[in-house]
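User: Hello! I have just opened this structure and would like a friendly tour. Could you take me through it step by step?

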Amino acid sequence: MYAPAGVKTSKNFPIPDKMKAWVLGNPGELIYTDKTVPVPKKAEVLVRIDAIAICATDLDNIYHGPPALIEGGKPFNKNWTPGHEYMGTVVALGPGVDEYKIGQRISVEIHAGCGQCKRCREGMYTSCHNYGLNYGDVDKGHRANGFTTDGGFCEYQVNNINTLVAIPDDMSDEEGTLVVTAGTAMYGLTELGGLVAGESVVVTGPGPIGLMGVAVAKALGAQPVILTGTRDNRLAIGTALGADHVINIRKTPDVVAEVKKLNGGKGVDYVLECSAAPTGVNEALYMVNRGGKVCLAAFPHDQALVDVAHIVRNNIYIYGIRGEGKSATHRAEAFMRQKRFDATKIHTHTFALADLPEAIRYAKDRVDDAIKVVVKAKYEAAAKEAAE
Ligand SMILES: [Zn+2]
Ligand SMILES: [Zn+2]
């Protein structure tokens, strides 16, 4: 039985020594295997993973490698477990931990910075200068679960207490996995200036972060919020999450002119670029007014052409964001706890952990209009109980 020295456990939450876990072999190859349940150190807890959502970045990690960085290189054939958007229950406490209790439900954010570099000291732990330096002689203590350390496509994982967000009992497991997605949108809006009441916002790209961007911008009081995209079903979810206007760019020859028309003839104050389209950066630049701000939250795979002269002449500010920094997950969770928006509108499918490859196929190929696909370790058992 699991009873490491210095670690607090409870007989109400028995922990096995071994667990089921997915590991990455060659690109695109996931192997279902057994792993030893990890042990929390100082300032860490052991989380029983109850649900985990699949993110587009997981697909990059699994099929291409970066941005995952394991032992200084690509993540293939290193017994590495991907997955980063999870929630669960605290089941063991590392030495000295009293910030969380065994049995408490939590959601997680990804990055625990090293805590000692310049950026971590500034609170910018998602831009830690010791990113990925968590192995061998160069171990600086940085963790980004599912990127530079083992992630959540398994039954248990250790998390630094700084990456935990307590969630209420009336929040479902599926909704709990979306805290980090909403947190990323919240971080983008934080970097753009934070208080957006009365400011005009365009969100480009109705993926999970874009749709949460609409929800968070509306909850923060932005007016109007305009969402652009190519799929009517996703734009309709944007409307349900509060978008004042949606534009299907396939049916609109000049999207910049349409944005201005909807905003009283002027460009908007902020654009949250979530489309990753090669033309997305320039379109965002043309959609903002003079002195406006653009936040880039999606990364195109190819280099994008950028109209620098337009940026300079119009004093436009551009921000790149990585992840869900500056504790934005806590602010996002506060909105979700208060039911200021229904994040579950972007959750479309649930699978058992054992069926991860099928779940990934749904997410990757957008089978059945999939947006957020969730896997649950206990899903089969739960489904059977419900049927009985
Ligand atoms: Zn993600
Ligand atoms: Zn750091």
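User: Which residues does Leu24 touch, not counting residues up to four places away in sequence?

Analyst: Happy to start there, with the reminder that this is a predicted model. Leu24 itself belongs to strand β1, which covers residues 18-24. Leaving out residues up to four places away in sequence, Leu24 touches Leu30, Ile62, Pro75, Phe76, Trp80 and Pro82.

User: Is Leu24 buried or exposed?

Analyst: A residue counts as buried if 20 or more other C-beta atoms lie within 10 Å of its own. Leu24 has 26 other C-beta atoms within 10 Å, so Leu24 is buried.

User: What separates the C-alpha atoms of Leu24 and Asn61?

Analyst: Along the chain, Leu24 and Asn61 are 37 residues apart.

User: How is the protein chain divided into domains, and how far apart do the C-alpha centres of domain 1 and domain 2 lie?

Analyst: Domain 1 takes in 18-110, 145-166 and 342-387, while domain 2 runs over 181-320. Contact between them involves 9 residues of domain 1 and 13 residues of domain 2. On the domain 1 side, the touching residues are 4 nonpolar and 5 charged, with no polar ones. The distance between the C-alpha centres of the two domains is 30 Å.

User: At what angle do helix α4 and helix α5 pack?

Analyst: Helix α4 spans residues 179-192 and helix α5 spans residues 208-219. Their axes are 8 Å apart, and α4 passes α5 in a right-handed crossing. The packing angle is about 65°.

User: How do the residues of the contact of α4 with α5 divide into nonpolar, polar and charged?

Analyst: From α4, the contact includes Thr181, Ala182 and Met186. From α5, the contributors include Ile209, Met212 and Val216. Sorted by type, the residues of this contact are 10 nonpolar, 4 polar and no charged.

User: How many helices and strands are in the protein chain, and what is its radius of gyration?

Analyst: The protein chain holds 12 helices and 17 strands. For 388 residues the globule rule gives 21 Å, and the chain comes close to that, so it is as compact as a globular protein of that length. Its radius of gyration is 21 Å.

User: What percentage of the 388 residues in the protein chain is buried?

Analyst: The C-alpha atoms fill a box of roughly 65 × 55 × 40 Å along the principal axes. Among contacts with a separation of 6 or more, 66% come from residues 24 or more positions apart. As for burial, the share of buried residues is 49%.

How values were computed
Residues numbered from 1 in each chain as written. Chains lettered and ligands numbered in written order. Predicted model: local features only at pLDDT ≥ 70, side-chain atom pairs only at ≥ 80, totals over all residues. Domains from an automatic or database assignment. Contact = placed C-beta atoms within 7 Å. Nonpolar A, V, L, I, M, F, W, Y, C, P; charged D, E, K, R; others polar. Axes fitted to C-alpha atoms, helices over the stretch in contact; angles between N-to-C directions. Helix = DSSP H or I, 4+ residues; strand = E, 2+ residues; numbered from the N terminus. Left-handed = near helix turned anticlockwise from the far one by under 90°. Rg over C-alpha atoms; globule rule 2.2 N^0.38 Å. Buried ≥ 20, exposed ≤ 12 C-beta atoms within 10 Å, placed from the backbone.
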